[in-house]
Amino acid sequence: MVGTIPEHLILSYQLVSSVLIITSNAMADDKPATDNKEDATEPPTKQPKTMLPQAPSSEWPEAWLMPDGECENQKAPNKCEPNVAVSVEELQALGINYWKLDAGAYEYPAISVPWDPSDAVDPKLSQLRDDRGYSYADIITVHPEKLPDYDNKVKAFFEEHIHDAEEIRYILGGSGYFDVRDKSDKWVRIHIKAGDLMTLPEGIYHRFTVDEDDCIHAMRLFKGQPVWTPFNRPQEEHESRVKYVKEFLEEKKEEA
Ligand code: KMT
Ligand code: NI
């Protein structure tokens with residue numbers, strides 16, 4: 001009978017192919033097992049701890065160039081006509097960092113001096129605290145009825161100054177303006193609101209004011225014992241200023 005295959009040959013073909021399939025599966029299963037064995041003999045690889053990522057550019061606060069000359073009303077927006085927006089890249093090039101948190105989802109006292117950062121319930125805030133070593137905090141409310149000597153304090157915050165440490169502000173409610181000097185020594189105004197956590201680098205010339213709503217609820221964080229001392233401009237010889245100029249303002253030399 002031409003064209004028919006004897007039954008015993010079909011059976012042995014099936015047997016051989018199933019043995020082949022089982023063997024190849026076993027080999028496939030073996031492979032990771034061999035790898036695991038090798039892994040076990042090597043020292044465990046150190047996984048770098050992931051840091052809390054900064055906010056995408058679309059979530060950064062609005063920033064703009066202020067007109068040259070004296071500012072008549074510090075609490076007004078003081079935009080140029082037409083407005084000159086300042087990009088996130090420009091803010092980053094000045095050494096500014098920014099994270100967005102959900103301030104409304106957690107409760108914070110109106111005033112707490114100090115406020116223990118280990119009491120943070122917000123997981124993002126605790127991560128940032130641990131990532132960046134923020135060991136001290138306080139919470140203040142800048143408002144005519146909550147801050148004694150309000151008008152003088154608001155004037156003092158608006159004196160141009162530097163610090164010998166990073167300035168870290170987490171806005172819990174209300175809003176205000178941080179002004180920083182850009183690379184051409186022009187004022188850039190940054191409108192900060194609830195949920196904004198911004199850091200200004202050591203040595204940057206800056207100032208702060210409430211906006212026309214006259215109210216900001218903020219957490220001030222610090223690494224180690226807090227030193228809030230402002231060093232008013234000019235501070236060109238100050239170590240922190242020299243460091244800032246070198247790191248952020250001087251033209252970077254081309255890599256050889
Ligand atoms: C500052 O640095 O000017 C302040 O601490 C003001 C209140 S926090 C927004
Ligand atoms: Ni300051």
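Let's start with a contact: an oxygen atom of ligand 1 sits 2.8 Å from an N or O atom in the side chain of Arg-169. That is a polar contact, meaning a pair of N or O atoms within 3.5 Å. Glu-167 gives another, with its side-chain N or O atom 3.0 Å from an oxygen atom of the ligand.

Before going on, the ground rules. This is a predicted model, where local features need pLDDT of at least 70, side-chain atom pairs count only at pLDDT 80 or more, and totals for chains, interfaces and linings use all residues. Residues are numbered from 1 along each chain as written, chains are lettered from A and ligands numbered from 1 in the order written, and side-chain values use heavy atoms, with hydrogens and water left out.

Back to the ligand. Which residues surround ligand 1? Ile-140, Val-142, Phe-157, Glu-167, Arg-169, Phe-208, Ala-218 and Arg-220; near means a heavy atom within 4 Å. Five of the shell residues are nonpolar, none polar and three charged. Here Ala, Val, Leu, Ile, Met, Phe, Trp, Tyr, Cys and Pro count as nonpolar, Asp, Glu, Lys and Arg as charged, and the others, Gly among them, as polar. Strands S3 (136-142), S5 (167-181) and S9 (216-222) each put at least two residues into that shell. Strands are DSSP runs of E, at least two residues; helices are H or I, at least four.

Now the space itself. A pocket is an open set of points on a 1 Å grid over the protein atoms alone, with protein on both sides within 12 Å along at least five of seven lines; a cavity is a set where a 1.4 Å probe fits but cannot get out; lining residues have an atom within 4 Å of a point.

The lining has 23 residues, with Ile-140, Phe-157, Arg-169, Arg-220 and Trp-228 nearest the centre. S3, helix H4 (150-157), S5 and S9 each give two or more. S5 has the largest share, four residues.

Last, the cavity search. Glu-167, Arg-169 and Trp-228 are among its lining residues.

Conventions:
Polar contact = N/O pair within 3.5 Å; in protein donor to acceptor, adjacent residues only side chain to side chain.
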